[in-house]
Each structure stands twice: as structure tokens, then as C-alpha cells.
Amino acid sequence: PTDALPIYSGTGNDGAIDVTLAADDPRGFLRLIGALPQDNEPGWLAALGKTDMKARLALKPGQSGSTSAIEIDGTSGDLTLSVSGDLVGDPLSRDALVQGTVQLASPTCTPLATLLNVTPAAIDQSPARVILTGKGSRAEGFIADLQVQALAENFEYNGAIAPNGGLKGKATLRSTNATPLFAALGLPGAVLPSGNVLLDAVIAPAEGQGLTATVTGTVAEMPVQATFTRDIAGRVTGNVDTGPLKLRDVLAASLLSWTGESMQPASALAAALPLGIEGEVWISPQSLSISDSFSTRNVQVVLTAAAGDIHLELYGKDAAGRDAKIRLLSKPAESEGSRVVEGKVHLPLSLAAQLKRDDGTPVADGEGVIDVNFTGTGRSPGGVMAALAGEGSLKISGLMLHDINVSAFNTALGAVPDTAAVVAAFDALRQGGGLAFGDVQGAITIKDGQA
């Protein structure tokens, strides 16, 4: 229903219109005003529900045409909407000056995320709110202040919004706990990052109507410096400098689906990067841990995604300056839902550093290298491993196993009167000296996951 139709004076309309909308399903009204296609229902529609809205449009004449003051308050589903603002000039003109504030609130982040066609992997129970204040015109662009409070995070953007949608300004992200954000994103991992998030970004237009962002700060206590560029086609390129990383976390974030599940052999392999992102990102961590006893430095991690393929390449050097390389490609298989994973691994070996007892003493000595090429097909890491096939080689120079005394063992075993003497013989085997093999090499064959 509407009330109080305006009248026209010589310098514009004068009066007010009051509108009340009450509907169990707002889709009919949205189609009536042209906000919803007749033959299509976009994903954001799922955020709406039973709707109760009241709006008032007050018109006042002026030398530049009518001044329109609008106020909207109400709810739709779990969303609460509040709008207040003014429009000076012809509402249909791109030169009309607009200023005002829009506020959206919901009991959790899910309704707001659904408006963006995003489904959180985990539901945070804290309230969420978006406040947008702006001034400008469609012809000249807007100066805006955007504040988002959700997932224990506080995001703010202050700057310009160009007529073509380009941004130029500064953004900040603040939080005392990163875990809810990573949980909602669905980051796969046994333990989600925690700690403060303190990020600042400078956003500016890029060539060809693209966007660039320079980011500095910390995430979960880890330093981050990054530059990202998004072109008009949506392709992202970036360079990231950060703190120490672990290989298992890099593999999980790059190759597994971001569903929020912990990293398991049965976890689903990803068909694309989160949010369907395509492009190339170079990551330079302070170090990359291959295992608890093997860490590389001077590391470059290159992640590339396009047309369903995900490429991951890692380059680094061990403590002796020898190259370490890992190359992986995950691509669609002929069987729907399965992925083909191809890989090449070249890793230096330093047995004294990589094979140790619980007390830290080395089990063996020797320097070498392992090279392996492999391929496997499956829906999960466990499925790929079960079908893994490949070949490679192993070379070790100066191989020696510590604390093995074959001579003492043979002597003790030659005069064994009883069971106790057999035990003593094995004790003699583990004492003193070592067993030297010299230089060794061999071929590696992998079939059905067995080497």
C-alpha cells in the first residue's frame, strides 16, 4: 500500500510516498520492480525470507530539481535492513547526487555471505553487520566508507568507488582471533591458525580496468607482505612474502577442497582454488619444512590455476645449498569427480640430519639425492596413493649405519650356549663402530602405491 502521492510544482515534486511491503515470499515484488529476472533465481535469493518492510520517500522542490529523502526499515528472513539518504536531481540521471547510509545486520555471517553467493564452511554464532556510507553520483563515482563486522573480524574500506566499479583507497582487517575466519573459509588442516590479524591494504586501479592491492601486516602472528593484481577478466596475479611454512599445509591449501574438514587420506581433492580463483601467485616463505628434520631455504612456491588445472611448484635449497624441487599437477580425470595427480620430486638427502633417534643422535651418515616421477588418479589423496605408479632413482655417497658392529656380533654368536647368550650377541651388534656401505645407488619403481 502507498499513501500521500506527491504533486508537481514548478521546481520539482513536493510530497511524500509511504510504502509498506509484507510478504511471505518477496520474489514476486522483486520481479515486479525488475530486480529479479523472470526466468532465473540467483543464489543470493536464498538469503531472503518472510519480508516486512516500510519505506518513505519525501520529495521537496529545488532549483536543481527535486530533493528526494528516502528511509527504509525492515526485515527479510534473518536480515535486518536500514537505509537513509538523499538524492538531489533527476533520479534517472547519472548526474544525480546521492548520499546516505545502508546498514545490514544478521544473527550470523551466513545470511550476509549468501547475498554474495558464498556459503561459509562453518557457521559463526556471533552477529554480523555491514555499514556503507557514501556520497557521489553514478557519473563521477562515490566516496565511500564500508565497515564489515563478522567472524570476529573488523574490515573497513575508505576511499573512492569509480563509475566502472574500480576502487582507490585504503582497507584494514583487524581481529584478535583468526580461527573463525579460517573455519568459515574452510581451510583444510588439522589445526587452524589462531592469533591476531592485523592487515593494511592500499588499493588502486590497475591497467585495463583492473585492481591492485598492496598488503602488509600479520596473520596468526606471521608477517605478511603481498601485492595482488586482478585484471578485468578476474585473473589474479600476486607475490607474497611470509614467515615459515610447512609442506603439508601448502599441499592441503592448494590441492584439497576447502570444506572445513581436517586433512585426511579421504579428504576430497579440489576441482579449483577457493571461490573459483584463477591466476598465478608466487609465495616466498622464510623457510619451508619438508619434514620435522628437513627444512629448505631460499624458497619459491608458485601456485597456478586455470581451466580446472592446479599447478604447484616448489623450489628451495637445503643447508648445503643443494636444490630441492617439487612439481605437482592436479587435473580433471575422465571419470567425473576424480583427479589425475602428476608429480616430479627432486630432494637432496643428508642422512645425518634427516635420520635421527629420539635423543637427536644420527642413525646414519651419507649424502645423496632422490628423484621420482609419479602419477595417480582418485578423488582423494588416499585414492591417488593407492593407484600411484612411477619410477625414479636413489643415490647416496658414503653410506654408513651407526652403532652396528658385525664383527662383535659374529664372535658372540659363534659361542652361544643358551638364550641369554643370543640376547648378548644382539647387544654386541648394536655397540660401537658402524657398518659402511660406501657409495650406493638404485632404481625406484612404484606400482599400485607400493615402492
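Colleague: At 6% relative accessibility, does Asp-318 count as buried or exposed?

Modeller: This is a predicted model, in which local features need pLDDT of at least 70 and side-chain atom pairs count only at pLDDT 80 or more, while totals for chains, interfaces and linings use all residues. Residues are numbered from 1 along each chain as its sequence is written, and side-chain values use heavy atoms, leaving out hydrogens and water. Buried means under 20% relative accessible area, exposed over 50%, and partly exposed in between (1.4 Å probe, protein chains only). Because the relative accessibility of Asp-318 is 6%, this residue counts as buried.

Colleague: Which residue forms a salt bridge with Asp-318?

Modeller: A salt bridge is a side-chain nitrogen of Lys or Arg within 4 Å of a carboxyl oxygen of Asp or Glu. For Asp-318, the closest N and O atoms of the pair are 2.9 Å apart.

Colleague: How far apart are the closest N and O atoms of Lys-317 and Asp-323?

Modeller: Lys-317 is partly exposed, with a relative accessible area of 29%. Asp-323 is also partly exposed, at 34%. The two residues form a salt bridge, and the separation of their closest N and O atoms is 2.5 Å.

Colleague: How many residues apart in sequence are the parts tied together by Asp-18 and Arg-56?

Modeller: These two residues form a salt bridge, with the closest N and O atoms 2.7 Å apart. Asp-18 lies in strand 3 (residues 12–23) and Arg-56 in strand 4 (residues 51–60), so the pair ties together parts whose separation in sequence is 38 residues.

Colleague: What is the volume of the largest cavity?

Modeller: On a 1 Å grid over the protein atoms alone, a cavity is a set of points where a 1.4 Å probe fits but cannot get out; lining residues have an atom within 4 Å of a point. A search of the whole structure finds 2 cavities of 30 Å³ or more. The volume of the largest cavity is about 50 Å³.

Colleague: Which strands give two or more residues to the lining of the largest cavity?

Modeller: The lining of the largest cavity includes Leu-288, Ile-290, Thr-296, Val-299, Leu-314, Lys-325 and Leu-347. Strands are DSSP runs (E, at least two residues), numbered from the N terminus. The elements that contribute two or more residues to this lining are strand 18 (288–291), strand 19 (294–306), strand 20 (309–317) and strand 21 (323–332).

Colleague: What is the volume of the second largest cavity?

Modeller: The residues that line the second largest cavity are Pro-188, Leu-256, Ser-257, Thr-259, Glu-261, Ser-267 and Ala-268. The volume of the second largest cavity is about 40 Å³.

Colleague: What separates the C-alpha atoms of Leu-132 and Ala-144?

Modeller: Leu-132 lies in strand 8 (residues 128–137), and this residue counts as partly exposed at 34% relative accessibility. Ala-144 is 12 residues away from Leu-132 along the chain, and the separation of their C-alpha atoms is 7.0 Å.

Definitions and conventions:
1 Å grid on protein atoms, 1.4 Å probe; cavity = no way out; pocket = protein on both sides within 12 Å on 5 of 7 lines; lining within 4 Å. Points joined across faces, edges and corners; volume = space filled by probe spheres on them. Helix = DSSP H or I, 4+ residues; strand = E, 2+ residues; numbered from the N terminus.
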